[in-house]
Amino acid sequence: MDFYAVFGHPVGHSLSPRIHELFAQETAQQLEYTRREPPLDGFADAIAAFRAEGAHGANVTVPFKEEAWSLADQRSDRAERAGAANTLIFGDAIYADNTDGEGLINDLRNNLGVGLAGKRILIIGAGGAASGVLAPLLNENPASLVVANRTAERAHTLAQAFANVGAVDSCGLDDLTGERFEVVINATSSGLEGDVPMLPSSIVADGATAFDMLYGAEPTPFLRWAEHNGAFRTRDGLGMLIEQAAAAFELWRGIRPSTAPVIEALRNDTR
Ligand code: ATR
């Protein structure tokens, strides 16, 4: 049977096996999908061993996305620009792609009905989670795209790296005072410690959508903050996770699974 796995550290919490199992059922594909947790310095060896076992591909999550990018022989344009890969396809060579941006945009557009063209968009954070989605966001033709980060310097570096794709402004969190955005996306890891970035409350425009790449059984701290400060809609990262998985599944299997029933099933699981 064709087999795949998600590589991360830690990875025990990953919902990817369940998501791909549901996709495989729906599309009548025979495959096995497991979790692998290599030691922090053992990612390349673990991928080599997995390929040697005859695996067809892998998903990659924190903290190995940049290393997955490095060890690939070929990369899609979007992975190339992101500097990080979440999907690997094994053939004679290792091909790397990054479906995170597609996952974010499809969740916003198809599941929430939020288009990005002409919108003022704010991304908070300047790590791998932010860099993975910048180019796909720029391709949606927003009115403006700002990257703001606690460490302003990292935001500037990230914006510069995408200057040839489109206009990205960058700043520190304090510099956002007086600015308003229609789509506010949290790509920081602050919620993992129960924290919210120190943001001016005025950034949430009337009718704004607040999106957190994190998810959980309860609303994340950032989404609670956004709701309190006037967000019209809030959305956690579960739909994005399922949409990025659907894009990976299609790359591997050549068939696009439906995501709505999987989103519903996993919402019920996490409740
Ligand atoms: P990832 O790959 O998940 O993006 P990362 O590269 O470690 O992880 O980046 C984490 C991001 O979350 C960074 O933008 C970080 O801000 P700094 O660059 O200033 O460290 C941000 N972050 C983490 N905790 C935060 C907090 N409590 N408040 C604001 N930003 C935070």
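# Domains, helix packing and ligand shell

The protein is divided into domain 1, residues 2-98, and domain 2, residues 102-238. The C-alpha centres of domain 1 and domain 2 are 26 Å apart. Eight residues from domain 1 and six residues from domain 2 make up the contact. On the side of domain 1 that touches domain 2, the elements giving two or more residues are α3 (65-71) and α4 (77-82). Of these, α4 provides the largest share of that side, three residues. By class, the side of domain 1 that touches domain 2 has two nonpolar, two polar and four charged residues. The structure described here is a predicted model.

## Helix pairs

Two packed helices are described by the angle between their axes and the distance between the axes.

| Helix pair | Angle between axes | Distance between axes |
|---|---|---|
| α5 (residues 100-111) and α9 (residues 238-253) | roughly 120° | within 7 Å |
| α1 (residues 16-27) and α9 | about 55° | 10 Å |
| α5 and α6 | about 55° | 7 Å |

The axes of α5 and α9 cross at roughly 120°, which makes α5 oblique to α9. The crossing of these two helices, α5 and α9, is right-handed. From α5, the residues that meet α9 are Asp 100, Glu 102, Gly 103, Leu 104, Asn 106, Asp 107 and Asn 111. Their partners in α9 are Gly 239, Met 240, Leu 241, Glu 243, Gln 244 and Ala 247. The contact of α5 with α9 comprises four nonpolar, five polar and four charged residues.

Helix α9 also packs with α1, at an angle of about 55°. The helices α1 and α9 are therefore oblique to each other. Their crossing, α1 past α9, is right-handed. In α1, Ser 16, Ile 19, His 20, Phe 23 and Thr 27 take part in the contact. Across from them in α9 are Ile 242, Ala 245, Ala 246, Phe 249 and Arg 253. The residues of the contact of α1 with α9 divide into six nonpolar, three polar and one charged.

Helix α5 has a further packing partner in α6, with the axes of α5 and α6 7 Å apart and at an angle of about 55°. That angle makes α5 oblique to α6. The crossing of α5 and α6 is right-handed. On the α5 side, the contact is made by Asp 100, Gly 101, Glu 102, Leu 104 and Ile 105. On the α6 side, it is made by Gly 132, Val 133, Ala 135, Pro 136 and Leu 137. The contact of α5 with α6 holds six nonpolar, two polar and two charged residues.

## The ligand shell

Which residues are closest to the ligand? They are Gly 127, Gly 128, Arg 150, Thr 151 and Thr 188, out of 16 residues that surround the ligand. Helix α6 (residues 128-138) gives the largest share of the shell, three residues. Sorted by class, the shell around the ligand contains five nonpolar, eight polar and three charged residues.

Methods
Residues are numbered from 1 along each chain as its sequence is written. This is a predicted model: local features need pLDDT of at least 70, side-chain atom pairs count only at pLDDT 80 or more; totals for chains, interfaces and linings use all residues. A residue is near a molecule or strand if its C-beta atom, placed from the backbone, lies within 6 Å of it. Helices (H or I, at least four residues) and strands (E, at least two) are DSSP runs, numbered from the N terminus. Ala, Val, Leu, Ile, Met, Phe, Trp, Tyr, Cys and Pro count as nonpolar, Asp, Glu, Lys and Arg as charged, and the others, Gly among them, as polar. Axes are lines fitted to C-alpha atoms, for helices over the stretch in contact, and angles run from 0 to 180 degrees between N-to-C directions. Angles under 35 degrees count as roughly parallel, over 145 as roughly antiparallel, 65 to 115 as roughly perpendicular and the rest as oblique. A crossing is left-handed if the near helix is turned anticlockwise from the far one by less than a right angle, and right-handed if clockwise. Two residues are in contact if their C-beta atoms, placed from the backbone, lie within 7 Å. Domain bounds come from an automatic or database domain assignment.
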